[in-house]
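The sequence and the structure are shown first.

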Amino acid sequence: MSSEFLSGVEYPHPFDELVVELCDSAGRHLCIQSPRLDHEVFDSGDLVRAISALARRSRQTEVRILINDSRPLVTRGHRLVALTRRLPTSVRIRKLAEHPDWNGETVVIRDHDGVLYKPGGADHEGFCEPDSRASTRRHLDLFNDLWRYSVEDIELRALSM
């Protein structure tokens, strides 16, 4: 992955490729914040392979996925949901229905130094900062705050795929 700041990243493509690149380059931590965990971006074999490899790399590895609407995952199924069922201690999905600080943005955070971000709303392009500790820290702090208010979604746990 290039270490340059990228702006104007189109969603869902090439945003989806950058998600996989961030995951492939992660050492121990990956956080994904996506309102619906869009199938076009997050339901890919390449991403599942990358997250599975990351999760199996170390016992200290942690992949946290935060959503606010599980209906599309329940009705259509999702490869990342299936992965959380196979690796429940390393890969977790939680739900946060509403929070005043989450405005529908999609964020992927790698370790403590890489972030891919798309503001809420369909008319925005994203940006990628693969080597910015300051930007990553801001996004990670917000993610951690939102994670504290989130809950496990029983429908996702019981989902048979």
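## Conventions

Helices (H or I, at least four residues) and strands (E, at least two) are DSSP runs, numbered from the N terminus. Under this scheme, Arg-138 is placed in helix α6, residues 133-149.

The model is predicted; local features need pLDDT of at least 70, side-chain atom pairs count only at pLDDT 80 or more, and totals for chains, interfaces and linings use all residues. Residues are numbered from 1 along each chain as its sequence is written, and side-chain values use heavy atoms, with hydrogens and water left out.

## Helix α3 and its surroundings

Helix α3 has 13 residues and reaches 18 Å from its first C-alpha to its last. This is close to the 18 Å expected at 1.5 Å a residue, where the expected span is 1.5 Å times one less than the number of residues.

Which residues of α3 are buried? They are Leu-47, Val-48, Ala-50, Ile-51, Ser-52, Leu-54 and Ala-55. Here buried means under 20% relative accessible area, exposed means over 50%, and partly exposed lies in between (1.4 Å probe, protein chains only). An α-helix has 3.6 residues a turn, so residues three or four places apart point the same way. The buried residues of α3 pack against the helices α1, α2 and α5, and also against the strands β2, β3 (62-67) and β4 (91-95). Contact means heavy atoms within 4.5 Å.

## Packing of α3 with α5

The axes of α3 (residues 45-57) and α5 (residues 79-86) come within 10 Å and cross at roughly 25 degrees. That makes α3 roughly parallel to α5. Axes are lines fitted to C-alpha atoms, for helices over the stretch in contact, and angles run from 0 to 180 degrees between N-to-C directions. Angles under 35 degrees count as roughly parallel, over 145 as roughly antiparallel, 65 to 115 as roughly perpendicular and the rest as oblique.

The crossing of α3 and α5 is right-handed. A crossing is right-handed if the near helix is turned clockwise from the far one by less than a right angle, and left-handed if anticlockwise. On the α3 side, Gly-45, Leu-47, Val-48, Ile-51 and Ser-52 take part, and they meet Arg-79, Leu-80, Leu-83 and Arg-86 of α5. The residues of this contact divide into 5 nonpolar, 2 polar and 2 charged. In this grouping Ala, Val, Leu, Ile, Met, Phe, Trp, Tyr, Cys and Pro count as nonpolar, Asp, Glu, Lys and Arg as charged, and the others, Gly among them, as polar.

## Packing of α3 with α1

The axes of α1 and α3 come within 9 Å and cross at roughly 15 degrees. The two helices are therefore roughly parallel to each other, and α1 passes α3 in a left-handed crossing. From α1, the residues Val-19, Val-20, Cys-23 and Asp-24 meet Asp-46, Leu-47, Arg-49, Ala-50, Ile-51, Leu-54 and Arg-57 in α3. The contact of α1 with α3 comprises 7 nonpolar, no polar and 4 charged residues.

A cis peptide bond joins Tyr-11 and Pro-12, with omega about 15 degrees. The peptide bond from His-13 to Pro-14 is cis, with omega near 20 degrees.

## Positive phi values

Leu-37, a residue other than glycine, has a positive phi near 50 degrees. Leu-37 lies in the loop between β2 (29-33) and α2 (39-42) and counts as buried at 0% relative accessibility.

Asp-111 is not a glycine, yet its phi is positive at about 45 degrees. The place of Asp-111 is the loop between β5 (106-110) and β6 (114-118). At 17% relative accessibility, Asp-111 counts as buried.

## Individual positions and distances

Is Arg-138 buried or exposed? Arg-138 is exposed, with a relative accessible area of 55%.

Ala-97, in the loop between β4 and β5, is exposed at a relative accessible area of 52%. Ala-97 and Pro-14 are 83 residues apart in sequence and 28 Å apart in space, C-alpha to C-alpha. Cys-128 is found in strand β7 (residues 126-129) and counts as buried at 1% relative accessibility. The C-alpha atoms of Cys-128 and Ala-53, 75 residues apart along the chain, are 22 Å from each other.
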